[in-house]
Amino acid sequence: MCGIAGYIGKNQASNFLLDALKRLEYRGYDSAGMAVLNGENNLNYLKSLGRINELEEKMKKIELNGCLGIAHTRWATHGHPSEANAHPHSDCDENIFVVHNGIIENYKILKEDLIKKGHLFKSDTDTEVIAHLIEEHFKGNLEEALLSALKLVEGAYALAVISKDDPEKIVVAKKSSPLVICIGKDENFIASDSSAIAGYADKVIYLDDGELGIITKDDYRIISIANNNKIQKEHCNIDSDVADLQKNGHKYFMLKEIFESPEVIKNSTRGRIIPEKGLVKLGGLEVLDQEKLRNIKRIILIACGTASFAAMVGEYMIEEYAGIPVEVELGSEFRYRKPIIDSQTAIIAVSQSGETADTLASLEEARRKGALTLGIVNVVGSTISRETEAGVYNHAGPEIAVASTKAFISQMTVFALLSVYFGRIKEMSLTMGKRITEEIEKMPCLIEEVLKNDEQIKNIAREYSKYRNFLFMGRKYNYPIAEEGALKLKEVAYHIHAEGYAGGEMKHGPIAMIDENFPCLFIIPSDSVYEKMWSNMEEVKARNGKIIAIATEGNKEIKNIADDVIYIPKTLEMLTPILSAIPLHLFSVYMGMELGCDVDKPRNLAKSVTVE
Ligand code: AGP
């Protein structure tokens, strides 16, 4: 979703702002803009539709000089993508400029009222009302005007505001959308997330909901929006390394991130498994009352999109190996239901970004109802990681491609860890604990083996890129992988329609679609449902459907029925999804490339969905 950046200091603001916008590209956007204030008190701005390089080209012709500025990447919600709707937005006289991520829910009423008072609007956005509200309340002090404006606003926001009538500061505010302040030497920065700031300074402050920040060149102050009281904030270390934000020779971040999977598993499990004792150690859960953990009677996993498929794998793992009933709920549904929750229910929010609005809102609802709230989150310091009582970080590193791949692999790995963790607290034997942890330890090597099929998968994608419909099928542990494979193909090769189904459901409908133009991708490792999946393949073949199979190494008979076979190494049934997801991720990238799609930044998609 929208990205925000801001700079105040001794250097040209536009250098940092442009770099930050490029780093925020991964969040998804359709237009961009920047406003810079110079020493002569001129506030200049530029906006462009499309990619950041369009803005960069404009900046070569019209320089934005000055040491104070704000910038934005917009992902349209209110008002179609256009230069007029791109941020920054200004008041009538272009004295005040605002960038915003979120949604102002009552903007229509506010706008009508402001128009009656004589304000002239230049865009269709909800954001512009904020600039005019500040103008309406401005009496020489920017933070006071913003505080007054915010009293009238309903909705979600991360905001950064500058004004040439109060020129030596950036004022920021947060409610339900993320914002970080980064403290430098004689310069300070703001951004939607720390990946935009990594390398510029080491310490960040995560703004919490209801907080307003006044940032000057060499100081900052945080106050409560509710009562203006000063708030002391903790300084945290930036988690991202600048090297993590490069493509390392890969054409796309998505490819780089898939190829990072072995390292990701090492990082997600480092110091957490003790195979000789069959134990898992999760420092993030040790802060909890262990008796309370032991007494958990039910777990609800809340997630959206790809994270929800990882949660489905987690459900199967935890139920089978820890014997705790688990349900998976979509954040977007859970928040509007009347869920039955008590103090023996643990809610685990699963989220790469830790900022997904629906997951976060569900978490808050569950906490209000007395559940223990935990998180499985990748982005350190993100809102979900801070709003939960405890949790497990993925340590997958920054995920830049919009489509989630390495985080998904890490999420399933963390669920494998959790099933041993909970299992060993309950009835799992030492032998079983050892078996699983030993096998988890082998996963990085096994993934290396799968990645060797890269060239073959590229060729398969070339061959199948002429088809426009695909059915993905899996069963038991690999049913969620069928869903994930279909989602990823739709996201990244967006001219293709794909569906993911549980093998057993094929005869209940989707079989009607099968003919020679409707290829099926079967995830059929040699596991407890192998024969059942084989019958599904027979049914597809009988209708002339083409088959790509993901099967276990050594399975020769599969070549008699499948048109193409991608092999994965043998492992425990519960861990097969971690291996089978890799060829599907690669297949999506190569299909997307064949179709000329923007693989890292697919149209219409945002990396983290921070609004409803
Ligand atoms: C994944 O490829 C998607 N872009 C999307 O489904 C994503 O997984 C979902 O929005 C959840 O995001 P989160 O993990 O950051 O909460």
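This is a predicted model: local features need pLDDT of at least 70, side-chain atom pairs count only at pLDDT 80 or more; totals for chains, interfaces and linings use all residues.

Okay, rings. A pair of aromatic rings is described by the distance of the centres and the angle of the planes. In this model the count comes to 11 aromatic pairs. Take Phe16 and Tyr200: their ring centres are 4.8 Å apart and the planes sit at 85 degrees, so we call this pair edge-to-face, the cut-off being over 60. Where are these two in the chain? Phe16 is part of helix 1, residues 13–24, while Tyr200 is in the loop between strand 10 (188–191) and strand 11 (203–206), so the pair ties together parts that are 184 residues apart in sequence.

And are they buried or exposed? Phe16 has 3% relative accessibility, so it counts as buried. Tyr200 is at 30%, which makes it partly exposed.

Now a second pair, Tyr464 and Tyr467. Here the ring centres are 5.8 Å apart and the planes are at 40 degrees, so this pair is tilted. Tyr464 is buried, at 0% relative accessibility. Tyr467 is buried as well, with a relative accessible area of 10%.

Let's go back to strand 10 for a moment, and look at Ala191, which is in that strand. Ala191 has 0% relative accessibility, so it counts as buried. What is it in contact with, if we leave aside its neighbours within four places in sequence? The answer is Ile4, Ala5, Leu179, Val180, Ala196 and Ile197. There's also Leu17: Ala191 and Leu17 are 174 residues apart in sequence, but their C-alpha atoms are 9.5 Å apart in space.

Thr306 gives us another example of this kind. You'll find Thr306 in helix 10, residues 305–322, and at 8% relative accessibility it counts as buried. Gln411 is 105 residues away from Thr306 in sequence, and 9.8 Å away in space, C-alpha to C-alpha. Again leaving out neighbours within four places in sequence, Thr306 is in contact with Ser404, Phe408, Glu484, Leu487 and Lys488.

Next up, helices crossing each other. Find helix 4, residues 128–137, and helix 5, residues 142–152: their axes come within 8 Å and cross at roughly 120 degrees. That angle makes helix 4 oblique to helix 5. As for handedness, helix 4 passes helix 5 in a right-handed crossing. Which residues meet there? From helix 4 we have Ile130, Leu133, Ile134 and His137, and from helix 5 we have Leu142, Ala145, Leu146, Ser148, Ala149 and Leu152. Sorted by class, that contact has eight nonpolar residues, two polar ones and no charged ones.

The crossing of helix 15 and helix 19 is right-handed. On the helix 15 side you see Met443, Leu446, Ile447, Val450 and Leu451, and they meet Ile578, Leu579, Ile582, Pro583 and Leu586 from helix 19. What classes of residue does this contact have? There are 10 nonpolar residues, no polar ones and no charged ones.

Last bit: the backbone. Most residues other than glycine have a negative phi, and most peptide bonds are trans. So here are some spots to look up on your own screen. His87 and Pro88 are joined by a cis peptide bond, with omega at about 0 degrees. Pro88 is in the loop between strand 4 (68–74) and strand 5 (89–90).

Then there's Glu94, which is not a glycine and yet has a positive phi of about 55 degrees. Glu94 is in the loop between strand 5 and strand 6 (96–104), and it is partly exposed, with a relative accessible area of 27%.

Asn228 also has a positive phi, near 65 degrees. Asn228 lies in the loop between strand 13 (220–224) and strand 14 (236–237). With a relative accessible area of 45%, Asn228 is partly exposed.

Conventions: Residues are numbered from 1 along each chain as its sequence is written. Side-chain values use heavy atoms; hydrogens and water are left out. Axes are lines fitted to C-alpha atoms, for helices over the stretch in contact, and angles run from 0 to 180 degrees between N-to-C directions. Helices (H or I, at least four residues) and strands (E, at least two) are DSSP runs, numbered from the N terminus. Angles under 35 degrees count as roughly parallel, over 145 as roughly antiparallel, 65 to 115 as roughly perpendicular and the rest as oblique. A crossing is left-handed if the near helix is turned anticlockwise from the far one by less than a right angle, and right-handed if clockwise. Contact means heavy atoms within 4.5 Å. Ala, Val, Leu, Ile, Met, Phe, Trp, Tyr, Cys and Pro count as nonpolar, Asp, Glu, Lys and Arg as charged, and the others, Gly among them, as polar. Rings of Phe, Tyr and Trp (its six-membered ring) pair if their centres lie within 6.5 Å; planes under 30 degrees apart count as stacked, over 60 as edge-to-face and the rest as tilted. Buried means under 20% relative accessible area, exposed over 50%, partly exposed in between (1.4 Å probe, protein chains only).
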